[in-house]
Amino acid sequence: MPEIRVKPKQGENGTELELIEDEGVRAWAPDADLQIVGQPHPRLEGREKVTGRARYASDVRLPGQLYARVLRSPYPHARIVSVDIGKAEQAPGVRAVIHAGNVPRIPWYEEGVLFESTVRFVGDEIAAVAAESEEQAEDALRLIEVEYEPLPFVSTIEEALAPDAPWVHDDGNIAGEPKTYERGDPDAGLRDADVTIDAAYSTASALHNAFESHGCTTFWDGDSLTLWDSTQAIFVIREQVAEKLGLPEHRVRVVKHHMGGGFGAKQIAWKHDVIASLLSRQAGRPVQLMLDREAENLAAGNRNPTRQRVRLGARRDGTLTAIVADIHQASGAYRTGGEASNVSGTYQTLYNCPNVRTEQVAVYTNTGPAVAFRAPGHVEAAFALEQAMDELARTLEMDPVKLRRQNYSEVDQLEGKPFTLPEGLRLSYDRVADAFGWGAEKPPPSSESKRRGVGFAAHDWSGGTGHPPGYAWIELNADGTADVITGTQDIGTGTRTGLAQVAAEELGLPLDCIAFRLGDTATGPYSPVSSGSATQATIGPAVRAAAAEVKAQLLEVASSVLEVGADRLSVRAGRILVDGDEERSIAVSAVTEKIRPHTLQGRGARGPNPEDKTIRTFGAQCVELEVDIETGEIDRLRIAAAHDCGRIVNPTLVDSQVVGGITQGVGFALTEERTVDPRLGLVLNANLEEYHVPTVADAPAIEHARVGVPDSEANSTGAKGIGEPPLIPTAPAIANAVYDAIGIRFREGPLSRARVVAALAEQRAQGEGSRP
Amino acid sequence: MKPFDFARPETIEDAVAMLDARPAGHANGSALLAGGTDLLTLMKADLSAPDRLIDIKRLAELDNRIEEDEEGLTIGALVTLAQLEEDPRVTALYPALAEASSLAATPQLRHMATIGGNLLQRPRCWYFRNPHVHCWLKGGDECQARQGENQRHAIFDISPCVAVHPSDPATALLALDATVRLRGAAGERELPIADFFAPPTAERCTETIIRGDELIVAVRLPAAQGWRSTYLKAMDRKVWAFALVGVAAALRVDEGRVIDARLALGGVAPIPWRAEAAERLLAGSDISAEVISHAAEAALDGAQPLAKNAYKILLAKALVRRALMALSG
C-alpha cells in the first residue's frame, strides 16, 4: 500500500484536507533510455475515427429514444410574463414539455435558477420539448406561447459601464470583485522609465465551434441516470448533475468515449444536461438533446471580449521598470463558474519586472455567458502585452527577441519560487529563432503590391502543470496483456495513446498489449477535468505508478519462475530479462500463464506538484507574412513555433496540438469575431457561414521546432501539457508582422479585411505611413 | 419546418402549372427544388414555408448540359457550378464565369448548386436570415442593417434593402452579357440578365423580376470571339465565403485599344452592379495604367457607403484595377 498523508489546506470553504499520496516511482532521468515514450505512435483510436465507428454523444441510439429541443429567448433582456405549453403538449409526437412552471427551481449560475423568470441574453433557456423526432420537437417549440416584457439591455463593455446603463442583474453590471495585484512601485517605475508605452487594445469574443457540438443523451434506469455527454470532465458533470437533481453521485453515470473537441467550453454541466435529464424522467424514455451551431454559439460559452490599457516603462537598455494593465472583460449575462479567464496573469509573470500592477474588472452584458476557451485570459492578454512589447522594441530600436531576453525571469515572481525548468522559455526563444531564421534578411515580396513582414511573440501559461489528484488502475491479464483503466477522458487530443505509451513503457509491454479504457465514471477511478492542458501531466504519473506496482508483482512472480532474485530482473518489449544472463529471458505471458486465473493489479495515484518550485509552460512563435497594400489581403503566412512542454511523449500528438492551436490562432488574429447588433442584442453570426473559422486553405505553413527537454521536477514522467499554449502567441505575432510589413499597428482584433483596408486608406490619406 | 407536399412533374409544362403567379418571394404556394442549397436553408430558417416542393432536378426537359453553337453558349438551368468551373468551353471562352463558379462556396456545394438556383438565391444578409428579425425585405418596416452591423452590405443605395446579391456567377454573367430564358404559363421569354435582376421594391421584395409561375430554362452567352474576361473576388478568408467584393471584367482589345468593355461588381448592391460609366470611359481608349485608374474611380461613382463599409469602395477599386490590368496585359 502506498503511503498516504493528510494535509490541511485553505480552500474556498475554509480548511480542507488534501491527501498526499506517494507515487512510489522516481522521475525518469532526462536522458533515460525509453522505448515507447517519445515515439510517434499513431492514435490508438484512429481507425475507429476514420471509419466512422467511433461513437460520439450524438451517435447514441437507444430503444425508444426521444429528441429534444430548447426554446430560447429572442430578446437580450426581458421579463417572462407567461408561458403556455398547452398547444405544444398536444402537438404530434410530443412526449414531454418542461418550463419554469412544471419543474423544481433548480439553482443555477450564481443566484439564478434553471428556467429564469427574467431572461438575460438571446438564447437564454425558457422551455424544452422532447418528441419522437427532432423535427417534431422543433415544430412543437413554435407552439409554446410566451409573453415577454422586453427590458433595456447592454451588449458591450462600454455600454455596461456607462453611468446610466441598464442593469443585467439586480446588483449592477460589475461581476464580482475586481481582481487587483501590485508589487513594487509601478508608478515610480513608469515615472523613472527612459521610455514608456501607453496603449489600449481590445479583443473580440471568439466562439469555440468545436467539431462536435454540445449535447447529451440521457437515460434513467429506475432512479439511476446515465448521460452520454459531450464533455471534457465526466466527473465534474457527474458531481454537478447529481447536485442539481438531488441524486447521490453513485446513481449518476457519465460516459464520454470519443470527443470532437471542447476547447474549455465543455468543462461544466450546462443547462442542457439537466434539461435532457428532466425531460427523460418526465417522458420515461431516453432523450437526446444536441445543440445546433446557433444554440451552442449563443448559449454554451464564448471567449470573453476584453479592453486592455497597457503601460510599460523601460530603461534605455530595454530593462522593464514597470508593467501596468487595466483590464475589462465581459462575462456575458452570467458567470458560469467555468470561465477562469485570468487576463492579468501573464502581465505578472512573463517578464522580469519589479513593479507590476494589474486590475481586472469583469462586467455583465446581455450576451451569452463566457466560458474558458483554450488558454483563457492568456490569449487575450498576449494580444495586448506582446504587441506592447513590440512597440517598446520599436521605440528602443531594439530587436524584439533581444528585448525579451533582456527581461527574462527564471522565477515565479508571484510566489518567489524558481521554475522547475527555468530555461524553458529561453530554449523556446533559441529554437524558434533558429528554425525560423530570425534576423535573416527578408526575401523580397512576391509582387509589387505586397509588403513582407516578420513578427515575434512569446508566452507563458499557468497550465500544462497537471492538477492532482487523479487515479489509474491496471490489471495484467494471465495472457500477458494489460487493461489500463482511468476515469479521465480524451478531449480529442489523443489522450489514450499518450497515456498508453506511459503504461507500456513502465510495464515493459508492447503498445498493442495495452487496452486503454477511459471516459466512464462507472468503470474508472476519479480523474479531474481535461482542462489547463493537464491530462497527460496529471494522469500520466498515476498510470506510471500503477504500472510500477504491477511490474513489481510481475518480477516477484518471475523470480519464482526463473529462480532468480527479482532485483536481477527487468522487463522490456514483453520479455523478462535476467541481468547478465540473456539466454534465460522469457516472455511475460510465460510468467503470467503460470498463475492463471490470478491476475496482477496495480493502483496509481497522482502525487502533489512540488511545493518549493513552480511548474509553468512557455513558448514563442515567429511569423512571416505578406500584406497586399491594395486589397488588404494577408497572405503567405509562415509560422515557426517552439513550446516547452517537458518531455514529448508522442511527437505526432504534440505536433497536432501545435498545428491546431496555431490555426485557431490565425482565426483569432484575422477573422473570428462574434458580431452583436447593439440595437437588437442579437448575435448575427452564431453560425459557421458568417463566423469564419480558418479553412485548410487558411492554415499557414507551420514549422514546429520541438523543445522536448524533460521537466523531471514537474512529475515522474517529465511531461507537461501542450494543448493550449500554441494558440497564445499566434495573434500578436501576426499583428507584429503586419506592423513590420506596413507600419500600421492594429490594437483592435481581429485584423479583418475591413479593418486592414480601412487602415491602409487612412495611412495613404495621411501620406506618412511610418514605413519601418 | 412546415410540412409540405412533394411533387415530381414529368414536363416543364406540368411544373409551370403547379406554380402560381404571385411574385416568387411571397410564394407560400409552391417552390422549385433543384440543388436545394439555398431553398433548404430558407425553409429551415422559416424564411420560406412552401406548401409544395416541385422537384425539377430530374426533369428530363430541363437541361443539365452546356451546348455550343455559332451564337454562343446555352447553359441549361440544371447545370451545376462544378460543371461551369470545369467545362473546357467555359474555361476557354468565358473564363470570368469559370473563375466565378470556382470561387463560390465549397466543392460539395458546387456539385449540388445549379446555375438556375444560383441566380434566384436570396441574400445572405444576417438580418434577413435571422428568424428573430422582421426586416423590410421580409415585409417589415425597417432595414435593420442600415443602422446596424453593415460591414458586409451595399455601397450603392438603390433599394430600401441594403443586402448584397450573393452570387459570384451572376456578376460574371452580367459582364459577359448573358441572357436568361424563362418559361411560364404565358410561354417563353428571354431577357438580358441586366433586366432580369432588379432591386427589391415594396411591391416585389425580391432581387429578380421572375414571376411566380416562371422558371429559368437556360442561361445563354453570346459568342465570345475577341473577348477576354476575368473574375476577382475578395473574401475575408481564402475560400468558402461570400464576396466582400467581386469584380467581373470583360474586354475586347485590338492592338492596345479597347473596342468594347463590360464591367460588373458583386457584393456592392442588392443586385449584380454594372459599372457603365467605367465601361464608357474604357471603350475606345488606349489602355494604360492611367485609363485603368480612371475607370476604377468611375466604377465606384455614386457609391454611398454605410457606417461600416466604406472599405468596400477601396477594395472594389483595387479589384477593378487589378482585373483590367490582367486583361490588358
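Predicted model: local features only at pLDDT ≥ 70, side-chain atom pairs only at ≥ 80, totals over all residues.
## The seven-stranded sheet in chain A

Let's start with an open sheet of 7 strands in chain A, ordered β5-β9-β3-β16-β13-β14-β15 and with mixed pairing. The edges belong to β5 (94-99) and β15 (252-255) of chain A; each has a single partner strand, so one side of each is left without a neighbour in the sheet. On average, neighbouring strands here are turned by 20° against each other, ignoring direction.

If you want a pair to click on, Ile98(A) sits opposite Ala128(A) in β9(A). Two helices pack against this sheet. Helix α6 (residues 234-245) of chain A touches β14 (224-229) and β15 of chain A, and its direction makes about 150° with that of β15(A). Helix α7 (residues 271-283) of chain A lies across β3 (66-72), β5, β9, β13, β14 and β16 (287-290) of chain A, at about 35° to β13(A).

## Strand β4 and its partners

Strand β4 (residues 78-84) of chain A runs antiparallel to β8 (residues 118-119) of chain A, with 2 bridges between them. There, Arg79(A) has Thr118(A) as its bridge partner. β4(A) also pairs with β10 (residues 145-150) of chain A, this time through 6 bridges, and again the strands run antiparallel.

Strands β23 (residues 471-476) and β24 (residues 482-486) of chain A run antiparallel and share 5 bridges. Leu476(A) stands opposite Ala482(A) in that pair.

## The nonpolar core

The largest nonpolar core has 342 residues, and Ala503(A) and Val738(A) are the ones with the most contacts inside it. Helix α14 (residues 535-562) of chain A supplies the largest share of this core, 12 residues.

What does Val738(A) touch, leaving out residues up to four places away in sequence? Its contacts are Gly453(A), Leu625(A), Val627(A), Ile634(A), Ile744(A), Phe746(A) and Leu751(A).

## A loop residue, Ser205(A)

Ser205(A) is in the loop between β12 (195-203) and β13 (215-221) of chain A. Is this residue buried or exposed? Ser205(A) is buried, because 22 other C-beta atoms lie within 10 Å and the cut-off for buried is 20 or more.

Leaving out residues up to four places away in sequence, Ser205(A) touches Asn302(A), Arg303(A), Asn304(A), Pro305(A) and Arg674(A). Phe668(A) is 463 residues from Ser205(A) in sequence, but their C-alpha atoms are 9.2 Å apart in space.

## Over in chain B

Leu191(B) lies in strand β7 (residues 187-192) of chain B. Leu191(B) is partly exposed, with 13 other C-beta atoms within 10 Å. Setting aside neighbours within four places in sequence, its contacts are Thr179(B), Val180(B) and Phe196(B). Ala234(B) is 43 residues away along the chain, and the two C-alpha atoms are separated by 29 Å.

Chain B has its own helix α13 (residues 311-328), with 18 residues. From first C-alpha to last, α13(B) reaches 26 Å, close to the 26 Å expected at 1.5 Å a residue. α13(B) is mostly covered, with 15 of its 18 residues buried.

## Where the chains meet

The contact takes 25 residues from chain A and 24 from chain B. On the chain A side, helix α18 (residues 753-766) gives the most, with 5 residues. That side divides into 10 nonpolar, 8 polar and 7 charged residues.

Definitions and conventions: Residues numbered from 1 in each chain as written. Chains lettered and ligands numbered in written order. Pairing = 2+ DSSP bridges. Helix = DSSP H or I, 4+ residues; strand = E, 2+ residues; numbered from the N terminus. Contact = placed C-beta atoms within 7 Å. Nonpolar A, V, L, I, M, F, W, Y, C, P; charged D, E, K, R; others polar. Core = buried A, V, L, I, M, F, W, Y, C linked by C-beta atoms within 7 Å. Buried ≥ 20, exposed ≤ 12 C-beta atoms within 10 Å, placed from the backbone. Expected span 1.5 Å × (residues − 1). Axes fitted to C-alpha atoms, helices over the stretch in contact; angles between N-to-C directions.
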